[in-house]
Amino acid sequence: MNYTEIRERSALPDLLVWDIAKKEVKEGLFVLIKILAKKQGGAAHPSLIIIRFPAAQIPDTTTLTKLLRPFPRPEQVEIRWRTPKMKVSDLVRVVDSKLTLMREQNESQALQRGPRPSPFDQSKKVLAVTGDLRVDNGNLSAARIAKLFGITESQIASWLGKSRQALNQAPAADAIQPELQFLERIARLRLLVSESDFRKWLKMPNELLEGKQPFELLASNQWQELADFVDDTLSGSPT
Amino acid sequence: MDLAALKKLTPVMVTSTLARCVPRDALESHLPVDFLYTSGKAGRYNPAGLNCIYFSENAIVAVREYERRMSTLPGLIKPFLTYYAEVNLPVLDLEDAAVLKALDLEESDLFAPWPKSLGSASKTQQLGEVVSLQKEFAAIRFPSDAAHRAHETGFNFVIYPSSTKAPARLKIETGAISPSQEWPPI
């Protein structure tokens, strides 16, 4: 990839192999590093970056540290040297298993990180709308959320990857709060609709969701997408 | 999407008042309102992670957009408030057929569904990313899908803070309810 191609990408690919030219200008190298680091920071998916130097030009440790420092996830950047024997196709084969594991780990962690910030996070009126989903200590309750969403406790336990028994014992446990925050964000729609209309909305095919029911997105763990959709509705974002 | 193709195009300076309709309950729910809040959630002209803000070209288009959103909710349409932004921006105008051709875009691309999550980007989202990386254009003027579906002609704007540099300007007309807000920040 060249400078323009890297800049123009909307997101980093899963694997980026960057071969440093023999006459690469050092300043240009650092500019590209900054762009890559920024994109890595904005990406929610794992992306492995392999920077290959000509064999005779491996930088010293101080320079390598300087090169890696801008990356928010330096463990996903590898410095290697180029050899005629190591083709890119071989390299891809070697790192493919690592990429697979990184993707698996990322998917399992996405919901545990909780939703991204919303413009309504500080709104007392909006938070009051979902106040009934919280227990005395302020934690969200899976049981109350299940009741609002019109689903069984077994179903919400399955969404959360927990057993029904475990959820029954601690429906407002700290450990499940990040996942429940997504559902609280979705429940903020009640600022505009009644409780029964909210349940109706969950089962209505929605043309702005490519004809899918919000419930389908919930069942397939697309919680951030649905939370964003509710934000867009509350903020009147053009379609 | 090609940055080189964008560089061959000339921005159109737009001085206008843009509009957006917001459910009254939501707008009044958190005063003072941050009208320029950006969360990086995906939109038609921005992949997830890229900050920008959307407005309609005028109040009529803003109402069409509002009606479309509200049509997906059960019950009666909710009351709304309209707020306005005064802008003076260098714009990439997708109404211009020559611009579409230069960017290798078809009209159908402008109304196509767009991915809500990371990992892939539609042509319009890729265009937004490219525009956000330069300073010649601060905004894109694009046809409103809501107006299009209502068999009307109307346009929206997407404005990128990273590309909005003086003398380009966006100022929210807040009236008395909030402090004035603008890009670039004063």
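Helix 5 of chain B is largely enclosed by the rest of the structure, because nine of its 10 residues are buried. The model is predicted. The buried residues of helix 5 of chain B are B:Thr124, B:Gln125, B:Gln126, B:Leu127, B:Gly128, B:Glu129, B:Val130, B:Val131 and B:Ser132.

The contact between the chains takes 40 residues from chain A and 47 residues from chain B. Several elements of chain B each supply at least two residues of the side that touches chain A. Among them are helix 5 (123-132) and helix 6 (145-149). Helix 1 (3-7), helix 2 (24-27) and helix 3 (59-70) of chain B also contribute.

Chain A is divided into two domains. Domain 1 spans residues 3-112, and domain 2 spans residues 115-235. The centres of domain 1 and domain 2 of chain A, taken over C-alpha atoms, are separated by 37 Å.

Two helix pairs of chain A were examined. Helix 6 (residues 142-149) of chain A packs with helix 7 (residues 153-160) of chain A at an angle of about 115 degrees. The axes of helix 6 and helix 7 of chain A are 9 Å apart. Angles of 65 to 115 degrees count as roughly perpendicular, and helix 6 and helix 7 of chain A are therefore roughly perpendicular to each other. Helix 6 of chain A passes helix 7 of chain A in a right-handed crossing. On the side of helix 6 of chain A, the contact is made by A:Ala142, A:Ala143, A:Ile145 and A:Ala146. These residues meet A:Glu153, A:Gln155, A:Ile156 and A:Leu160 in helix 7 of chain A. The residues of this contact divide into six nonpolar, one polar and one charged.

The second pair is helix 9 (residues 177-187) and helix 12 (residues 223-235) of chain A. Helix 9 and helix 12 of chain A pack at an angle of about 30 degrees, with their axes 8 Å apart. Angles under 35 degrees count as roughly parallel, and helix 9 and helix 12 of chain A are therefore roughly parallel to each other. The crossing of helix 9 of chain A past helix 12 of chain A is left-handed. Helix 9 of chain A brings A:Phe182, A:Arg185 and A:Ile186 to the contact. Helix 12 of chain A meets these residues with A:Trp223, A:Gln224, A:Leu226, A:Ala227 and A:Val230. By class, the contact has six nonpolar, one polar and one charged residues.

Two cis peptide bonds are described in chain B. One joins B:Ala166 and B:Pro167, with omega about 10 degrees. B:Pro167 lies in the loop between strand 5 (155-159) and strand 6 (169-173) of chain B. Another cis peptide bond joins B:Trp183 and B:Pro184, with omega about -15 degrees. B:Pro184 is found in the segment after strand 7 (181-183) of chain B.

Positive phi values are also present at residues other than glycine. Phi of A:Glu210 is near 55 degrees. A:Glu210 is placed in the loop between helix 10 (195-202) and helix 11 (214-219) of chain A. A:Glu210 counts as exposed, because it has 10 C-beta neighbours inside 10 Å. In chain B, phi of B:His151 is near 60 degrees. B:His151 is in the loop between helix 6 and strand 5 of chain B. With 6 other C-beta atoms within 10 Å, B:His151 is exposed.

A:Arg73 is found in the loop between helix 3 (61-68) and strand 3 (77-82) of chain A. A:Arg73 is partly exposed, with 15 other C-beta atoms within 10 Å. A:Arg73 and A:Gln40 are 33 residues apart along the chain, and their C-alpha atoms are separated by 7.5 Å. A:Arg80 is found in strand 3 of chain A. A:Arg80 has 15 C-beta neighbours inside 10 Å and counts as partly exposed. Not counting residues up to four places away in sequence, A:Arg80 touches A:Ile50 and A:Arg52. A:Arg80 and A:Asn139 are 59 residues apart in sequence and 47 Å apart in space, C-alpha to C-alpha.

Notes: Residues numbered from 1 in each chain as written. Chains lettered and ligands numbered in written order. Predicted model: local features only at pLDDT ≥ 70, side-chain atom pairs only at ≥ 80, totals over all residues. Domains from an automatic or database assignment. Contact = placed C-beta atoms within 7 Å. Helix = DSSP H or I, 4+ residues; strand = E, 2+ residues; numbered from the N terminus. Axes fitted to C-alpha atoms, helices over the stretch in contact; angles between N-to-C directions. Parallel < 35°, antiparallel > 145°, perpendicular 65-115°, else oblique. Left-handed = near helix turned anticlockwise from the far one by under 90°. Nonpolar A, V, L, I, M, F, W, Y, C, P; charged D, E, K, R; others polar. Buried ≥ 20, exposed ≤ 12 C-beta atoms within 10 Å, placed from the backbone.
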